[in-house]
Amino acid sequence: MTKTAEQTAESHVFEADVAHLLHMMVHSVYSDRDVFLRELISNAADACEKLRYEAIETPSLLGADAENRITLTLDEENRQLVVEDNGIGMSRDEMIEALGTIARSGTRAFMERIEASKAAEGAQLIGQFGVGFYSCFMVAERVDVVSRRAGTQEAWSWTSDGKGSYSVSPATSLTEAPSRGTRIVLHLMEDAKQYTARWTVERIVKEQSGHVPVAIRLVEKPGKEPVQITDGTALWTKPKSDVSKEEYSDFYRGVSGQYDEPALTVHFRAEGRQEYTALAFIPGTQPFDMFDPERKGRMKLYVKRVFITDDADLLPTYLRFVRGLVDTADLPLNVSREMIQESPILTAIRKGITSRIVTAIEKLADSDAEAFLKFWENFGPVLKEGIYEDFERRAQLLALARFRTSASNEGYRSLADYVKDAKEGQNAVYYLAGGSLDQLKASPQLEGFRARGIEVLLLADSIDSFWTMNAPDYEGKAFKSITQGAADLAQFAKLDGQTMQEGDNDSAATFLAFAKEKLADQIADVRASDRLTESAVCLVAPEDGYDRQMEKILRNAGRLQDAAKPILEINLMHPLIKAIASVEGDASYQEDAAFLLLDQARILDGDRPADPRRFAERLGRVFQRSVQS
């Protein structure tokens, strides 16, 4: 700065406690330092838009430079980042007004405005230049601003370290000032020098500001030719007919961070009470964080093509695999991102987008069975969470669901397929839930249903135990676990024509009563089974309460203190049961056999014997007796 400039410079002391103010902004308004660039680019784009509107009445403001642009210059050697636009620019008074808004308002007044914005849906604090501009002090130790108002010859300079004061003066060299618009020079902190790296800046621009209505150019180092990195046109604002598959794929990869092809693209504009544009993609492969316990979505929210957040609650958690964005002009650019989450407008948008995506998945299921099954293999376990969580769309999601069943071999079946092929008089959709498909296929509880040709859904996902409790029925047929309550299979004939028999004599019934007495502390009941055809025993849950798999889930999570006693079912026609029952007059042997049968049922159910030592002792005694006999 020259001596003359020093004499004409105006120093202003911040009236507010700026240190406190910046601390509040960094920790309460912005959670990511990268957003400073978004805010500066947003301000630059606003300046270009203002010039465009003013030039309608005063075309001479454009002069010979009619094309609006934003230029980012990287200077790694001097640790500087320059953001320049050829927009409307600022006069001296406008500079003090725009860049001194926070300072003059004072911390108390600014905080009051934030509090007021919580109740005022129309408050647009972030949209004011001062708030967004001051975010640059998260990364800069000093900021210099040079600006020339369009249509004037004067240029003005503003400089501050953001700690106690700022100064405004005529620009020291008018030839160094932009011919029109504003240049912001950020002298970066040591720990922010990554913002002079091309790949870092280009990534941030494309992710957060790639769709402002002004082209953005990048100069990799002073003196080099600028390279255009965005064209100033938002892809989602174009008609679908004007966007190629390749453009959608490129955009998807940028917004999702994945390198596959999208399995489904949903692009639409909603008009009516809420107006917004949505561009959503279902990935072709599972995102690596799909089963993240926090289960947050990955849809970005834009307001008037300005990036707001990628953490908005735009989709239910069961659609968290969807990637994309929503752009609306109906929401304010509030300081508090949390305020946006509470907006009834966002709630309506969320409902609309969810419905459109579910409908698009339905259309995929109807039009391309192969593509839909690939989608289901990737995202079916997550989509089924919606059957549990989303009452409004439960019927739609049930119709979309596909299942491995006892009759599907390696393929999938829909509930419509299941109901169509149900047995006459069958009033339930039977299912078996467990930890793996192989375990389910080998389950003894399945034997009686398989013997009668009754199809059973094989549910190996954890969520299956939850949604089956919440979904009361499908087309009038209730969901029923085959590991809970009575099987009621007597009304259905076996495929081989055999009928259920009670046993050759009373010895089996006598042993049944004996076992019930001896196992009373661990078992609610011991009864003859009509669901077993090959195995000797199995465990089932009582009619009321949870089925066997749900009990395991709750018990392992520490949420089931007192589990109901199970029921031991015995296949009276099994050779082992007949042999045990025929040993009369040896109560100790039959007692050991009863406890071993119970532990055998536990093992078949995927559990361990209740007491491994006693199990081994009883097994040893039974072996010894069989050898001696």
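The legends below describe close-up views of a predicted model.

**View 1. Packing of helices H18 and H21.**
Helix H18 spans residues 507-518 and helix H21 spans residues 587-604; the two pack with their axes 10 Å apart, at an angle of about 75°. Because angles of 65 to 115 degrees count as roughly perpendicular, H18 and H21 are described as roughly perpendicular to each other. On the H18 side, the contact is made by Phe-511, Phe-514, Ala-515 and Lys-518. H21 contributes Ala-587, Gln-590, Glu-591, Ala-594, Phe-595 and Leu-597. Sorted by class, this contact has 7 nonpolar residues, 1 polar residue and 2 charged residues.

**View 2. The open sheet of strands S21, S23 and S22.**
Three strands form an open sheet in the order S21-S23-S22, and their pairing is mixed. Strand S21 (525-528) and strand S22 (537-540) are at the edges with a single partner strand each, so one side of each has no neighbour in the sheet. On average, and with direction ignored, neighbouring strands of this sheet are turned by 25° against each other. S21 and strand S23 (residues 567-570) run parallel and are joined by 4 bridges. Within S23, Ile-567 stands opposite Asp-525. Helix H18 packs on the sheet, where it touches S21 and S23, and its direction makes about 165° with that of S21. Helix H21 also packs on the sheet, touching S22 and S23, with its direction at about 70° to that of S22.

**View 3. The buried residues of helix H20.**
Helix H20 (residues 575-582) has Ile-577, Ile-580 and Ala-581 as its buried residues. Seen down the helix axis, the buried residues of H20 fall within an arc of 95°, so they line one face of the helix. An α-helix has 3.6 residues a turn, so residues three or four places apart point the same way. The elements that cover the buried residues of H20 include H18, S23 and H21.

**View 4. Helix H19 and its surroundings.**
In helix H19 (residues 548-556), the buried residues are Arg-548, Gln-549, Met-550, Glu-551, Lys-552 and Leu-554. These buried residues pack against strand S17 (428-433), helix H15 (437-441), helix H17 (464-470) and S22. Gly-558, which follows H19, has a positive phi near 75°.

**View 5. Two loop residues with positive phi.**
Asn-409 is a residue other than glycine with a positive phi, near 55°. The loop that holds Asn-409 lies between strand S15 (402-405) and strand S16 (413-414). With a relative accessibility of 64%, Asn-409 counts as exposed. Glu-475, likewise not a glycine, has a positive phi near 50°. Glu-475 is placed in the loop between strand S19 (473-474) and strand S20 (477-481). The relative accessible area of Glu-475 is 57%, and this residue is exposed.

**View 6. Strand S11 and its partner strands.**
Strand S11 (residues 276-282) is mostly covered, with 7 of its 7 residues buried. Tyr-276, Ala-278, Ala-280 and Ile-282 point one way from S11, whereas Thr-277, Leu-279 and Phe-281 point the other way. Strand S10 (residues 264-270) pairs with S11 in the antiparallel sense over 7 bridges, and Leu-279 in S11 is the bridge partner of His-267. The hairpin of S10 and S11 has 5 residues between the strands, and in this hairpin Gly-272 takes a positive phi near 140°. S11 is also joined to strand S14 (residues 323-328) by 6 bridges, and these strands run antiparallel. Here Arg-323 in S14 stands opposite Phe-281.

Methods. Residues are numbered from 1 along each chain as its sequence is written. This is a predicted model: local features need pLDDT of at least 70, side-chain atom pairs count only at pLDDT 80 or more; totals for chains, interfaces and linings use all residues. Side-chain values use heavy atoms; hydrogens and water are left out. Axes are lines fitted to C-alpha atoms, for helices over the stretch in contact, and angles run from 0 to 180 degrees between N-to-C directions. Angles under 35 degrees count as roughly parallel, over 145 as roughly antiparallel, 65 to 115 as roughly perpendicular and the rest as oblique. Contact means heavy atoms within 4.5 Å. Ala, Val, Leu, Ile, Met, Phe, Trp, Tyr, Cys and Pro count as nonpolar, Asp, Glu, Lys and Arg as charged, and the others, Gly among them, as polar. Two strands pair if DSSP finds at least two bridges between them. Buried means under 20% relative accessible area, exposed over 50%, partly exposed in between (1.4 Å probe, protein chains only). The arc is that of the directions from the helix axis to the C-beta atoms.
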